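Please look over the structure shown here with its interface and its sheet in mind.

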Amino acid sequence: MKVLMFGWEFPPHITGGLGTACFGLTKGLLHQGVEVIFVVPKAYGDESQETVKLINASNISIDIRKRITQKYLKNITYIEIASNLVPYIGIEPFEKIINSETKTIKHNFDESIFREKFEFSGQYGPNLMKEVVRYALVASSIAETTDFDIIHAHDWLTYPAGIAAKKISGKPLVVHMHATEFDRSGENINQNVYDIERKGMQEADMVIAVSNYTRNIIIERYGINPDKVITVYNAVEYDETYFKYREEKSFPEKVVTFLGRVTYQKGPDYFVEAANKVLQVDKNVRFVMAGSGDMLIRMINRVAELSISSNFHFTGFLNEEEVNRLFAISDVYVMPSVSEPFGISPLEAMRSSVPVVISKQSGVAEILQHALKIDFWDIDAMADSIYGLLHYNALSEMFRKEGKKEVERLKWKSSARKVIEVYEKALALSTKNIKMKKIS
Amino acid sequence: MKAICFYFQVHQPNRLKTYRFFDIGKDHHYYDDLQNKYIIKRVAEKCYLPTNNLILNLIKEYGTSFKISFSISGVAIEQFEKYVPEVLESFKQLAETGCVEFLCETYSHSLACLKSKEEFERQVNMHRNKIKELFNQDPKTFRNTELIYYDTLGVWVADMGFETMLTEGAKQVLAWRSPGYLYTNCINPKLKLLLKNYRLSDDIAFRFSQREWDQWPLTTEKYVDWLNALDPNEEVVNLFMDYETFGEHQWAETGIFDFMRYLPACVFSNSPYTFKTPSELSKLLQPVGYIYANNPISWADEERDITAWLGNKLQQDAFDSLYELENKVKNCDDLDIQKDWLYLQTSDHFYYMCTKWFSDGDVHKYFNPYGSPYEAFINYMNVLSDFELRVNNILNTKYTYPPLNNNSYNNNEIINNMEKNKKKKNPQRVMKQRTKIKSKDIQFSDLLNISLANIRKIIGPIDVETIAIAIIGVEDEIKDVILSNMGMRKLAIYEKLDIDYSQIKQSDIIKARKIILERMKKLIS
């Protein structure tokens, strides 16, 4: 089987979990004997080509006269870009985006996107919409000249491309929802993004959701037929290099860690309140908030207001190595997300033998057993879980040992197997549809 | 002879409330009274009352030919007394028929036998006395929590004067042998053993309403056919199950009540079986062999061992932490501590921490108040931490309590005074004087000569207002003794009391003191 896959990023040039997930899945698919052609807006040349044929959309020229996707493009010509369009976005780029783009910008696409060649930035910058549209044009060009059996598009940015490729080739389309607009923006959704997501799922033969939590949102909020939405959980890369980090703690206190964007969606404020509850009873704990975001200043002020600054630390953005060093000294990892389609970070913590407390409003809560699950708003339960893991050794020992084993079992290979099942369904459906059309 | 032996287990734990770590040292009430009340009332309505009624009618109809046995845990009895006394009344009615045997078990449905012989025996005796008191029967048959049994335990039970014990017909002890005979303990053959026929028991208790079961629906005729199909030499079929099978595990709609209603008639007309109680059987039957059980067996899960309660590290840690306190608790002369000590031993708390049932286990989920075994563990350990604090407090300083959340001036003053008094008084002197008190000429000031535990007993049920009035104008020493022993909760209420002292007459004060005096007299006599 040959898959034409549309993504927005590919390791090592990633801003968050989307690239990691695409890479893991692609590797898993290859392991199952599936061939993947992966299209990214911009290839830097140092991407891992071991598993996949990577196509650089910037190198693709298009024939403007065809403009098969024009009808579709009309719908997205004018789009207001809010600051948080992207799933799994990392901490640093996020800051860049909000700094450069606190105002929304109206795009009137210039003719450059219809030029023969176009240099993608591949970033999530102010030209995002322009790039999304150009990407779709490129997709139709690729779809015309490449041989493949099925199209797989990751997240809304690539849906226009997926749809264009489907229209050109007549091959079935699978779209992969790594996040919904509701996860990114709460109730104040960007209507245009929502429309692109919905259109993508409607046009798709099958939809993959990263959790049942996301699947429910897709069915309830986007009105997609439940029969074609299938949950495939993410996994985590597992190799020994992750255990080379041995960090010595320079203080006796235990460490409780929050890691992620300091934004509404990640629930940092609940973490601070729970920390306060714990510190009222036990001063031998240090809380660490790693990451940055629009709520950071508010969090620092709140910590000061609660007079717990001496036991509460802000690190700002951390790179991968620093993250692993932080995990190495952490005793508890907390993910209090308000809405989390999946949530790979607890798996990474568990991989480093750190017990985790996760919110029930996350996809990953559906598959983890050795984790304490709480409602993100229930700070009493959160504080109690943290306290329990810090004080009752039988529990933390069990979580350290069993949690690691559990994560080892979550393999991209098995996720890939499920994705292949979805492909097969999509292929069967589309041949059925073709036959039906022929008959009528 | 061929007999059917029915035994039903009646038990409801005192489930714990959500108890956070910041409650440690502040809140000493551990139980979810509302939920416990709700559950026991619901089960009483759906199961205990209608089934007792059904059995009473069967006994009326068939006279002494229909017999059954019950074991009711002490903690369940207490909840009946508190919330649904009519259930106890109906059990008493059953006891009066003479066709119902009440078995003995550990008072708090505990796993004490796995840890402490002394505590185990104490609880068995407590339960034995309770059964005597309620049903006027001296139990001669013992069933341990969840039918847990092993060789040495059998010896302990025999030494306590029991003739018969019930346990599971587990494969690991029976091997090729059938549970259809009487066996004995392998060390002390005087102790007879009746073993559960788990296939025929579970047909009623678990499979009765399962539509995917190929034998569904189960009729009395079919069931009696199965009984008749057993080896003709077998003498007894032991059907042991939770009483909640009727109406709760199996809802009334499944026809479980009708099944039970028509079973005796069908047995009498279509089979040679009769109904017997465990005590009768152990007299009537000849034992055919020994049971060897080096490791504990039980009636739980496929494994039929104790891993449902002590199978993982969490359960073992909680269990060990609890029994580490045993010796300390024994030295605590405090009613509340003794009560909590019993309730915290109930096996259900450990059952909720079981991690075996991630894959299956509808039974484990039954009335389980927790979302996960880890929540159950954390909650229990929080409670246990508070309990340990209290025990240590009582042992270390018999006068002070952990300070209130926001120490008011009053409170500090009381504690300071108590410290002073502590220095003044020699505990031995108190002991001497205590023996002198006679109930006839007891005085209010004698409060100073009574043990603190007794003071707590005396003032425990008296409302704060009465106490407040009674101590108007008394010596500071007496006032302090009372205030520091009424518990933090009452003390807090006392401090907030808004009494207009000018409105209180001398007669009111005397009246209030009389209430306390009455209780003192009662206690001392």
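Lys254(A) stands opposite Val285(A), which lies in β9(A). This is a predicted model, in which local features need pLDDT of at least 70 and side-chain atom pairs count only at pLDDT 80 or more, while totals for chains, interfaces and linings use all residues. Residues are numbered from 1 along each chain as its sequence is written, chains are lettered from A in the order in which they are written, and side-chain values use heavy atoms, with hydrogens and water left out.

**The sheet of chain A**

- Strand β8 (residues 254-259) and strand β9 (residues 285-290) of chain A pair in the parallel sense over 6 bridges; strands count as paired if DSSP finds at least two bridges between them.
- These strands belong to an open, parallel sheet of 6 strands in chain A, ordered β10-β9-β8-β11-β12-β13, where helices (H or I, at least four residues) and strands (E, at least two) are DSSP runs numbered from the N terminus.
- At the edges of this sheet are β10 (312-316) and β13 of chain A, each of which pairs on one side only, and the twist averages 20° from one strand to the next.
- Helix α9(A) lies across β8, β9, β10 and β11 (332-335) of chain A and runs at about 170° to β9(A); axes are lines fitted to C-alpha atoms, for helices over the stretch in contact, and angles run from 0 to 180 degrees between N-to-C directions.

**The interface of chain A and chain B**

- In this interface 22 residues of chain A are in contact (heavy atoms within 4.5 Å) with 17 residues of chain B.
- The two chains bury about 1,600 Å² between them, 69% of it on carbon and sulfur atoms; buried area is the accessible area (1.4 Å probe) that two parts lose on being put together, summed over both.
- Asp384(A), Tyr392(A) and Met398(A) supply 36% of the area that chain A buries against chain B, more than any other three residues.

**Charged pairs across the interface**

- The rule for a salt bridge (a side-chain nitrogen of Lys or Arg within 4 Å of a carboxyl oxygen of Asp or Glu) finds 2 across the interface of chain A and chain B.
- One salt bridge joins Arg20(B) to Asp378(A), with the closest N and O atoms 3.9 Å apart.
- On the side of chain A that touches chain B, α9 (268-281), β13 (372-374), α13 (379-391) and α14 (393-409) each supply at least two residues, and α13(A) gives the largest share, 7 residues.
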